[in-house]
Amino acid sequence: MAIHTDYAGLKVEIVVDGQPLPEYDDETNTAGSNVVTKYVEAESGAEFSVNISFNETFPTSHDVGVDCSLDGRHVRSPHVRRAKLLSGHAHKILGLQVQEGKSWGRKRFRFSDLVVGKFLTCYLHIVKKGI
């Protein structure tokens, strides 16, 4: 699970068939101290989700916004209300919201064939709500 020391209690996992994929450190990470980079092994065509969960060490004084990008392209920005941060279950990003005709649906995330230079990132932003 990707862990950043500034966000104790935050867990981000890539999940296939209900199981988190093993992660490997990026030995050449030059992205800076505010980024955690991990690699996963994946089977081409496999559906996956990005699961985000929080435990009791995560600060709950504010709502949390999550920006998720795949292959360098923004795909989702779910909002987690502070009352739901410690709900005990993962907040799942399952795919893209797409419109087909007059109805909306979801296009599930799938791993494509390996292309060197492609990456998955999920950025966390704290959203401060006024009282």
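## N51, a buried polar residue

N51 is buried in this predicted model, with a relative accessible area of 8%. That counts as buried because the cut-off is under 20%. The residue is found in strand β5, which covers residues 47-54.

What does the side chain of N51 meet there? A polar contact of 2.8 Å joins it to the side chain of S49. Setting aside residues up to four places away in sequence, N51 also touches K11, V12, E13 and V15, together with A90, H91 and K92.

## The largest nonpolar core

Let's turn to the nonpolar side of the picture. The largest nonpolar core has 22 residues, and the members that touch the most others are F48, V50, I52, F54, I93, F109 and F111. Strands β1 (10-16), β5 and β6 (63-70) are the elements that give two or more residues to this core. In soluble globular proteins, nonpolar side chains tend to be buried together.

## Aromatic pairs

How many aromatic pairs does the structure hold? There are 3. One of them is the stacked pair of F48 and F109, at 5.4 Å centre to centre with 25 degrees between the planes. F48 sits in strand β5 and F109 in strand β11 (residues 103-110), so this pair ties together parts that are 61 residues apart in sequence.

With F111, they form one aromatic cluster.

Note on methods:
Residues numbered from 1 in each chain as written. Predicted model: local features only at pLDDT ≥ 70, side-chain atom pairs only at ≥ 80, totals over all residues. Heavy atoms only, no water. Helix = DSSP H or I, 4+ residues; strand = E, 2+ residues; numbered from the N terminus. Buried < 20%, exposed > 50% of the residue type's maximum accessible area, 1.4 Å probe, protein only. Polar contact = N/O pair within 3.5 Å; in protein donor to acceptor, adjacent residues only side chain to side chain. Contact = heavy atoms within 4.5 Å. Core = buried A, V, L, I, M, F, W, Y, C linked by side-chain atoms within 4.5 Å. Phe/Tyr/Trp six-rings, centres within 6.5 Å; stacked < 30°, edge-to-face > 60°.
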